[in-house]
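Work through the following exercises with the sequence and the model at hand. Each task is followed by a solution in steps.

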Amino acid sequence: MEKTVAEIAEYLNGRVVGDGSVVIRDIQGIDDAGQGDLTFIANRKYLKKLAATGASAVIVHPDMEGQGKNFIIVPDPYVAFGKALALFYPEQKEQPGVSNAAFIEDGASVSSEAVIYPGVTVCRGARIEKGVVLYSGVFIGRDAVIAEGSILHPNVTVYRRCLIGKRVILHAGVVVGSDGFGFAGPGGANLKIPQVGIVQIDDDVEIGANTTIDRGTMGRTWIQKSVKIDNLVQIAHNVVIGEYSIIVAQVGISGSAKLGKGVIIGGQAGVVGHIRIGDHVMAAARAGIHKDVPPHSIVAGAPHRLHREWLRIEASVPKIPDMNNAIADLMKRVEILEKKN
Amino acid sequence: MEKTVAEIAEYLNGRVVGDGSVVIRDIQGIDDAGQGDLTFIANRKYLKKLAATGASAVIVHPDMEGQGKNFIIVPDPYVAFGKALALFYPEQKEQPGVSNAAFIEDGASVSSEAVIYPGVTVCRGARIEKGVVLYSGVFIGRDAVIAEGSILHPNVTVYRRCLIGKRVILHAGVVVGSDGFGFAGPGGANLKIPQVGIVQIDDDVEIGANTTIDRGTMGRTWIQKSVKIDNLVQIAHNVVIGEYSIIVAQVGISGSAKLGKGVIIGGQAGVVGHIRIGDHVMAAARAGIHKDVPPHSIVAGAPHRLHREWLRIEASVPKIPDMNNAIADLMKRVEILEKKN
Amino acid sequence: MEKTVAEIAEYLNGRVVGDGSVVIRDIQGIDDAGQGDLTFIANRKYLKKLAATGASAVIVHPDMEGQGKNFIIVPDPYVAFGKALALFYPEQKEQPGVSNAAFIEDGASVSSEAVIYPGVTVCRGARIEKGVVLYSGVFIGRDAVIAEGSILHPNVTVYRRCLIGKRVILHAGVVVGSDGFGFAGPGGANLKIPQVGIVQIDDDVEIGANTTIDRGTMGRTWIQKSVKIDNLVQIAHNVVIGEYSIIVAQVGISGSAKLGKGVIIGGQAGVVGHIRIGDHVMAAARAGIHKDVPPHSIVAGAPHRLHREWLRIEASVPKIPDMNNAIADLMKRVEILEKKN
């Protein structure tokens, strides 16, 4: 694809500074960009890379406007960069149709406007709406629903009765609706508690590869609108994740924990069961969240603390050995003083 | 389904307090339960919810017997709740039969009383016994055995020669028998050590979605009777997990570690290789277990310590910055005293 | 298989001490080995097991040569053990051929010397070279390349345009090329940034079960020659892992992190985004690597420190409660002294 800087600026509702007639053929990161490439700066700390970049044009914020380069000025360069990527790399639409080599049980409902690859299984009572894409190896259990426009990548499993909303993206290997981990007399009888609830995933959710979401014991495990979950995350039974929350890779969320709206949980963090995390809480990578967190808190560490408190403690940790030595020294000196007195 | 409180009590070998003729239509958690619902209280700390619940009846322990509600009194309310769930939500039995769209290699043995979905692969020499259910995308390698009544959910892979016992449940995406991670000259030559052992999974084991269990280098990786493993757990080559143990989500157990009976390992914990964990050890979530643990110990932290010791240290950690300040202050004051003396 | 000790020694370029005519039928670990078994000692700390082993012969290093046993003396016993395993357990070669029950789209190129199992999907534009083995449930997206001799175990997904080198092994459930986790306005608008790059995996890489590797936002995520990655590892977009590096199970590596050559990252460690880890760095299990690490460093802890510094701090940590008590005691005693003076 070829577009001039001016054409791209118009598409992005941006303003050109420099030569709008320059031709752009691709988009690259600022370190890799060369002749014919568009790049972007979304963070002032990368401004120093501006002089060295070989890019033919740069998307920047108004307050980063510099000289000697061709700029497209926009209020949010990262958003504009995303839109430019979508312009240069349009999604390849699949041809609707149900493969002869897919396994559709009698009593399943599959829209003729869906795309069903070979090797897909759809069980009876399930409903696949229009615009859905099911890649090979996808399994849709009985009475499950996949609503309009959702894309399930290869080898995704959706267990019976689970509900997937509109425009949801499930990456390869995602499991939705496996049994929650519930046993009476753990370590002894290990009697299985039946897990008869469901998973409900609302519209515009995206879930990363090989992430697992267990069905509710009763009721539902609920992933609300526009939640984004990364790879290899574990969501236990009856968890609720509030809309627009972000869960980074390898996080584990234990049973019945409730997260508010717009919560951000860093990678490899853990959340214990039956607690509430308020709206817009941010938890650092590796945080171990062991009790309720009030809205808008920023927490870190395991067990978690307020981030500023965590920073203060962490700054002291390397001093512990010297502190220990200083105490021994003080002990001796005080003993000497005590003898003299 | 409709059952009276008296009928359910009889089924649970429980005793009715209140009105046994009340009709129950579903089972719900205490917060969600309303008219026509049965609920339960398994822990005294939830007793305060009793007054507020809309449930038509509550399963409780004899010492929780209260007034103004209909009760079913049983010695273990959580176990009774599990049984009640199984009563109201009976498992849907699959019709035995081997799908024409399954791929059964010549020389494989598949019981006519097994349920084999489309898109299953069973390699030569493998044996699938009666009552087994293999969902779509399941792959059974050569000479593997799946014993009576086991259920393998979609997209489970069992590598060659691995042995799965009776009534085992493998959730979607589980991998049994992948190569252990063994290389001579790690970081240099990276020469692969062949992994020629197997995985043996004994009766009544349940394994969560996308968990991985590597085959032994030689001999076996061994998951003993009635072990329950949660989602996204990593079990390395030649690990042994003793019967009735519980392994919570995202735990990693390194090569040749041996766990005793009835061990409980909390979520996201890690166990280093070649160590022994005694019977009935409990390890907290996130524990980093780096050396042998005697039977019946309760441990926490990384590196792990006895739980009571860990609690004592954790209580002191927030004081480190103030301790550091106090030491500096003491230093000055002792110096002044020393000058005076 | 039966081989004499002398025959095995010749195959391993080793020297016999003891009776070379003894017949070996299998290979076992030193604890399990009995009559007819070969075993090995690769580490002096296991020398004490030599007297007790029932093995008929032992592979050892020249400086471990003992008496009363049959030995095969080699410079690297672990490497020799690996070779002996390969001798006793030769890989079973698959018959080349493309199953009629595989789904090969028009416009895909599949070598007649490849092995394609039933239930494999290869999309148009993809190229499968000779000697490749694709097991059931493998999905190869459009325009992806799988080069000579690579083995993709069941239910592996390779997204569009990704490049897999020669002799690569991808274990069951691996996902290559899922979208990187990029959203503008995280926790708010959550606007998806298209992920239009690829994953490039070079020759001789091995990747463990259910590991996930995201495609680059632009450009590539790059796993270089002979890298070995364990199970359930998360590799984010635009990460580069230098050749011969070793990544142990459940590690997470965040976006755009660059690892040098021969790096070893212990299990459950985490690496934050956009940092550089120098050649031959070793990071302990559970390390939380939060900033650049110079070459050849050994680091541990979260946040990471030099290993020797970490050891020094960890040794002091159990003393914190006593330190706190000692400070309180000193405070009182100094106060008394101050009053006297």
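Helices (H or I, at least four residues) and strands (E, at least two) are DSSP runs, numbered from the N terminus. The expected span of a helix is 1.5 Å times one less than its number of residues. The model is predicted: local features need pLDDT of at least 70, side-chain atom pairs count only at pLDDT 80 or more, and totals for chains, interfaces and linings use all residues. Residues are numbered from 1 along each chain as its sequence is written, and chains are lettered from A and ligands numbered from 1 in the order in which they are written.

**Exercise 1.** Compare the reach of helix 2 of chain C with the expected value, then list its buried residues and what covers them.

Step 1. Helix 2 of chain C covers residues 77-88, twelve residues. From first C-alpha to last, this helix reaches 16 Å, close to the 16 Å expected at 1.5 Å a residue.

Step 2. A residue is buried if 20 or more other C-beta atoms, placed from the backbone, lie within 10 Å of its own, exposed if 12 or fewer, and partly exposed in between. In helix 2 of chain C, the buried residues are C:Pro77, C:Ala80, C:Phe81, C:Gly82, C:Lys83, C:Ala84 and C:Leu85.

Step 3. The cover over these buried residues includes helix 1 (5-11), strand 4, strand 5 and strand 6 of chain C, together with strand 22 (183-184) and strand 23 (191-192) of chain B. Contact here is defined by C-beta atoms, placed from the backbone, that lie within 7 Å.

**Exercise 2.** Give the strand order of the five-strand open sheet in chain C and name its edge strands.

Step 1. Two strands pair if DSSP finds at least two bridges between them. The order in chain C is 2-7-6-5-4, with mixed pairing.

Step 2. Strand 2 (15-17) and strand 4 (26-27) of chain C are the edges, each pairing on one side only.

Step 3. Within the sheet, strand 5 (residues 37-40) and strand 6 (residues 57-60) of chain C run parallel and are joined by three bridges. C:Thr39 has C:Val58 as its bridge partner in strand 6 of chain C.

**Exercise 3.** Trace the pairing of strand 21 of chain A with strand 18 and strand 26 of chain A.

Step 1. Strand 18 (residues 157-158) pairs with strand 21 (residues 175-178) of chain A in the parallel sense over two bridges. Opposite A:Thr157 stands A:Val175 of strand 21 of chain A.

Step 2. Strand 21 of chain A also pairs in the parallel sense with strand 26 (residues 212-214) of chain A, over three bridges. There A:Val176 has A:Ile213 as its bridge partner.

**Exercise 4.** Describe the side of chain A that touches chain C.

Step 1. On chain A, 60 residues are in contact with 52 residues of chain C.

Step 2. Helix 2 (77-88) and helix 4 (320-340) of chain A each supply at least two residues of this side. Helix 4 of chain A gives the most, ten residues.

Step 3. Ala, Val, Leu, Ile, Met, Phe, Trp, Tyr, Cys and Pro count as nonpolar, Asp, Glu, Lys and Arg as charged, and the others, Gly among them, as polar. This side of chain A divides into 30 nonpolar, 22 polar and eight charged residues.

Key:
Contact = placed C-beta atoms within 7 Å.
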